[in-house]
Amino acid sequence: MMNRLNNLATLQIDSSRKISFIFRGKRYYGLEGDTIATALYSNGIRIFARSLKYHRPRGLYSLDGECSNTCMEVDGIPNVRCENTLLKDAMEIKEQNVKGSLENDKMSVIDKMDWMMPAGFYYNTMHKPAKIWPIAMKQIRKVAGLGTLSPDFKMTGKYDEIFPTTDVCVIGGGPAGMSAALSAAGKGLRVILLESRPVLGGFFEYRLKEYKEGQSFHERARELAAQVEEAENIRVFTHASMIGAYNNNLITGFQIGRESDCFDERYIEIRAQSVIVATGCIERPLLFENNERPGIMQTGCALRMAHTYGLLPGKEAVFSIGHDLGLETAISLYDLGLKISCVADIRREGQDSELVAQLRERNIELLKGSVATMAHGAKQVNKVTIATVNGTASQDYNCDLLVASAGLTPVTSAITVVRGRLKYDDHTGYFLPDQMPEKMHATGRVLGLDNALAIESSGRLAGLQAAFDCKACSIAEIGEAENELEKLPGPTQGTKLVIAPVKGRKSFICFDEDTTIKNINQAIDKGFDVPELIKRFTSAGTGPGQGGIPGHNLPLYVAQYQKLPSISIRSTTVRPPIVPTLLSTYAGTNHAMFKRTPMDEMQREDGGVFRNIGVWQRARYFSNDFSCKAEIENVRSNVGILDGSTLGKFRISGPDAVKALERVFVSDMSKIKEGRVKYSAMCNDDGCVIDDGIIVKQGENDFYFTTSTGRAGSTIEWIRYHTRYDGWDFHMVNLTDSMGVINLSGPNARKVLEKIVDIDISNEAFGFSEYREFKIKDTISVRAMRLGFVGELSYELHVPSSYMKSVWLMLNEAGKEFNIRNFGVEAQNVLRMEKCHIILGQESEQRTNLLDVGLGFLWDRNKPKAKTVGAVALRQAESDQTRLKLVGFKMENSGRAPRDGSLIVDEKVRGYICTARDSFTLKEGVGMALVEGDLTKIGTRLEIYEDECGDDRIYGKVVQMPLYDPEGTRMKM
Amino acid sequence: MALTITCPICGKRNGYEFKFGGEERGPRPDEKDLTPEAWCDYVHMNNCVAGVQKEWWFHRDGCGSWFTIHRDTTTNFEVEKAEAEK
Ligand SMILES: [Zn+2]
């Protein structure tokens, strides 16, 4: 393990706390606060990955995950960005895209064959002749893509999601972002502050340079952070990256949890009144030959390695930079013990004179107007060629570290994803915000500022601008803030150099996709003239880093190659997710929510086997015999009790209630008699049947109706939608959860019920298809209906949920002498299937209309004024012979029933099985099927194809419906 | 996702709370003399305006009312009624 630097105020590691981890099967140690990347670096690992196409060695480059250089497999998850992921105990880390080892990759020979693979290689070659493609595809698939995911990999971890609302959302917790948050919060507004690194501070955090007399930048960062953390109305999310911004000021992001957090990652979706973009700058990569060789890193990376993680990134360094930050880094690292051969600065002039003086004091050679043109060394850099920017003179320097950066470039993705516009600025060489989206404000280094006081002042101004959006600040205050900022230094001049004086065969503009300058030239020479097209043809910027590396270099280089005026330079578009995000983070928590009926507990006690059915948990079986023989036979010969509480239950009342019912139900509702049950169905505008249920009249203009379980949630929406123009006077209440339903079925049902009620329930007094309201023990209001869904004498009792348990107990007590027993949803399914009573969704699908399932008799054709939903389409469908129709069938030669969903075939598919079971009652396999019109005749032979049955078919025969008790005497007895 | 909708009863709320109910196309036509084509047009044909359209929304996770708004389909921003009918 490398020795760490101690006693630096900026350190984020705790050298007293070691963390062990496994890399390539061996145990290593890092420190608390390390990222995976810095922990590996401290153990001497320099090659972190092999590149996508050429298998070139790749190393630590930026520390912020702008490229795939440090993507590794961590605990089975591929493509984890090691430089953004904090090291945790016992992590298992593996390299990716390697044949052999990172040091000796057998595929690296491809690097020498790059001449065979120009830009658009696959587009141009693999498709001609067409038959070569299947062969080529297999080969390409073997080598394409980064990382592999085992098919049986199971994602672990806790993923959360939150949807906060706020007045102001500040993206970026650097000096500008913190100043903005403080000034907006000072106006009494609620502020959310997102920072992608684990600590606040941004551009100030890791710098020990003097901010003002007696205070370093780092100390200033801590001072601002302390104020932010103290402010009650600022909510800070650290280690939280923005992944998308949308209009209406919706910001999405995700946060990586600390060990103490209750989540590993969480999705954050912020709705803000106003948004402040304080995302600062990243470095613009320097383009030269072998510019991505391990041992080459950006200035910020080198400085943060030392100051944040206590790791001196090399022994002997060469700097090739274009910004004062490079000089500052050289001085800081020299003082920490790094040997520096020379500092090549792209700029001929304009350096901070104080920094130049400090270099001179330390005898560090400063080469103005010079740049690295080539890195040498097969796997790690060991020598660098430095030349003048016009390429006239050159000299080699030995080194094991090359700190390289062309300059800075603002991070503008938050602005461009919301269709804000950027403009190339000649002075800074940056793409600066030109047209900001509504209620979004850019601040700090995003505006090109680099003076510390100006950055903070600009932050305060943005905070006030956001406050103005929230009506918490006056124009005059903004004017004052603007004046203050104007007195401070504006943006300094930036470097324009895009590429060192080289041909660019091995100058990589995009690391993720292995795109070289030569590839870009080839694309332009082929006629692709705008960066957006060149990006697609060469795939530069389409990798996991989303253009973090090529982002602004690509349009700048393209303009230079085409000799375009700078005014015409346009940056390419970025799209969410701006930062790679786990799908499990988007998915959030799986709450596995469901509703329980009032009888849930009692049915569990009785041995109910529960299944999720729609939004409910329901008792499907009451034994481990899933054929439900005992349950079925008990209902047919004795008496059974079923919990039907999941039915949709509604009250509709008011002068226009009948009109509303007639609009959605196909039947004539004006004729519902008091004390009678009306069965009807609802269709959609295509005549397709969507629901069925019963309607009873409980008073003048006052009805109670049921819907199927699955439709209960959308019934009110449906009725209101289809009456939205009419201005009718009616009112609806959803009683689904406040009422429970008990179904008492079987020949002995009356004997049980009469023991607990006071009214006469003989067949003469309470006949089939009738409705009664009564009270049990003068207290419990019951709505009772005589229905016959299962084909036996049945009472359906609708009882207030709070009384369900009491009634259930009374019935069970009363039924004891008959051996009453539960039956579940599956038994009910078989019973009603024998009776050919349909369940919508089982005996129908999306295209099945009312007529297809034989319910045409429900439809009253003589109410055109009602404009019933579906009536027009039904009229048109009446003569349509091409539709699938419902038939009943039994199996030939006492054969077993086919599986639900099996196909009816001859030469082609002719229909399918809806429900089929081996019926204990009928002692044969029976069912219902939807078949083409010419197969509906009684006696037609049906050829049934079951999944994976090969050539073995089973056969059924169309029979009359219903299959059980065709006269219906049993349910009317 | 970024949509907000202003319910006449509950005010401006997150778009997640609402269910889309299609373009505004007037009350159901009379069934008398209605041709299949005219009916099909009424039920299924959309104008797919690129710009401001009047459309129906249902406040499902709220007050449960149907109402119309004007929305610019190119930006997803709601437009004031007066402005939309200019
Ligand atoms: Zn509402």
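Which side chain meets B:Arg28 in a salt bridge? The legends below take up that pair first, in a model that is predicted.

**View 1. A salt bridge joins B:Arg28 to A:Asp685.** Here is the partner: the side chain of A:Asp685 meets that of B:Arg28, with 2.7 Å from N to O. Across the interface of chain B and chain A, the rule finds four salt bridges. There are also 20 residue pairs in polar contact across this interface, both residues at pLDDT 80 or more.

**View 2. Helix 1 of chain B faces chain A with five residues.** That is the largest share of the side of chain B that touches chain A. Elements giving two or more residues to this side are strand 2 (11–14), strand 3 (18–23), helix 1 (36–44) and strand 4 (52–59) of chain B. Sorted by class, the side of chain B that touches chain A holds 16 nonpolar, 11 polar and eight charged residues.

**View 3. Chain B and chain A bury about 2,600 Å² between them.** Carbon and sulfur atoms account for 50% of that area. On the chain B side, B:Arg28, B:Glu31 and B:Trp66 lose the most area to chain A, together 29% of what that side buries. In terms of contacts, 35 residues of chain B meet 29 residues of chain A.

**View 4. A:Ser584 sits in helix 16 of chain A.** This helix covers residues 583–587. A:Ser584 counts as buried because its relative accessibility is 17%, and the cut-off for buried is under 20%. Leaving aside residues up to four places away in sequence, A:Ser584 touches A:Met155 and A:Tyr159.

Notes: Residues numbered from 1 in each chain as written. Chains lettered and ligands numbered in written order. Predicted model: local features only at pLDDT ≥ 70, side-chain atom pairs only at ≥ 80, totals over all residues. Heavy atoms only, no water. Contact = heavy atoms within 4.5 Å. Buried area = accessible area lost by both parts, 1.4 Å probe. Polar contact = N/O pair within 3.5 Å; in protein donor to acceptor, adjacent residues only side chain to side chain. Helix = DSSP H or I, 4+ residues; strand = E, 2+ residues; numbered from the N terminus. Nonpolar A, V, L, I, M, F, W, Y, C, P; charged D, E, K, R; others polar. Buried < 20%, exposed > 50% of the residue type's maximum accessible area, 1.4 Å probe, protein only.
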